[in-house]
Amino acid sequence: HRSLLPKHPGLKPLEKALKSGDKEVGLTIHRMTAKVDCGEILGQAAVPVLPGDTVASLFQKIYPLHGPLLLGTMEKLEAAAAQRPQR
């Protein structure tokens with residue numbers, strides 16, 4: 001999700017962040033639930049909002065974070081699974 005949940009769930013989170021005067025924006029990987037953007041947060045990455053930033057410039061800042069955040073979150077989940085006792 002293109003916000004630092006739980007802040008700005010739903011559609012157009014970057015627009016909401018700019019209108020709210022947020023100092024940073026980012027990405028959240030979370031578990032999916034029946035309620036939109038309310039699942040357990042598994043990983044986040046943030047970048048600062050600078051004067052003059054737009055939705056487009058913020059998207060360009062956070063776009064490169066997708067891959068590393070996903071890989072890091074998957075590694076964290078795999079490590080946690082390896083720690084669980086076998087049945």
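# Briefing: helix packing, backbone and contacts

Helix H1 (residues 13–20) packs against helix H2 (residues 55–62) at an angle of about 115°, and their axes are 10 Å apart. The crossing of these two helices is right-handed. On the H1 side, the contact is made by Leu14, Glu15 and Leu18; on the H2 side, by Val55, Leu58, Phe59 and Ile62. The model is predicted.

**Overall architecture**

- The protein contains 3 helices and 2 strands, and along the sequence these elements follow the pattern α-β-β-α-α.
- The C-alpha trace spans about 55 × 25 × 15 Å along its principal axes.
- The protein has 87 residues, and 29% of them count as buried.
- Among contacts with a separation of 6 or more, 50% come from residues 24 or more positions apart.

**Surface and charge**

- The protein has an accessible surface of about 6100 Å², and carbon and sulfur atoms account for 62% of that area.
- There are 12 positive and 8 negative side chains.
- The centres of the positive and negative sets are 5 Å apart.

**Leu18 at the helix contact**

- Leu18 is found in helix H1 and is one of the residues of H1 that make the contact with H2.
- Leu18 has a relative accessibility of 29%, so it counts as partly exposed, the class between under 20% and over 50%.
- Leaving aside residues up to four places away in sequence, Leu18 touches Val49, Asp53, Thr54, Val55 and Leu58; of H2, Val55 and Leu58 are among the residues in the helix contact.
- Leu18 and Asp53 are 35 residues apart in sequence, and their C-alpha atoms are 8.3 Å apart in space.

**Backbone in the segment before H1**

- Most residues other than glycine have a negative phi, and most peptide bonds are trans.
- The peptide bond from Leu5 to Pro6 is cis, with omega near 15°, and Pro6 is placed in the segment before H1.
- His8, also in the segment before H1, is not a glycine but has a positive phi of about 60°.
- Lys12 is not a glycine either, and has a positive phi of about 55°; Lys12 too is in the segment before H1.
- His8 has a relative accessibility of 12% and therefore counts as buried, for which the cut-off is under 20%.
- Lys12 has a relative accessible area of 57%, so it is exposed, for which the cut-off is over 50%.

**Asp37 in the strand-to-strand loop**

- Asp37 lies in the loop between strand E1 (24–30) and strand E2 (41–48).
- At 16% relative accessibility, Asp37 counts as buried because the cut-off is under 20%.
- Not counting residues up to four places away in sequence, Asp37 touches His1, Leu5, Pro9, Gly10 and His30.
- Among these partners is Leu5, the residue from which the cis peptide bond runs to Pro6.
- Another partner, His30, falls within the stated range of strand E1 (24–30).
- Asp37 and Gly21 are 16 residues apart along the chain, with 21 Å between their C-alpha atoms.

Definitions and conventions: Residues numbered from 1 in each chain as written. Predicted model: local features only at pLDDT ≥ 70, side-chain atom pairs only at ≥ 80, totals over all residues. Heavy atoms only, no water. Helix = DSSP H or I, 4+ residues; strand = E, 2+ residues; numbered from the N terminus. Buried < 20%, exposed > 50% of the residue type's maximum accessible area, 1.4 Å probe, protein only. Contact = heavy atoms within 4.5 Å. Areas by Shrake-Rupley, 256 points an atom, 1.4 Å probe, with all protein chains shown as cover. Lys, Arg positive; Asp, Glu negative; His and termini not counted. Charge placed at Lys NZ, Arg CZ, Asp CG, Glu CD. Axes fitted to C-alpha atoms, helices over the stretch in contact; angles between N-to-C directions. Left-handed = near helix turned anticlockwise from the far one by under 90°.
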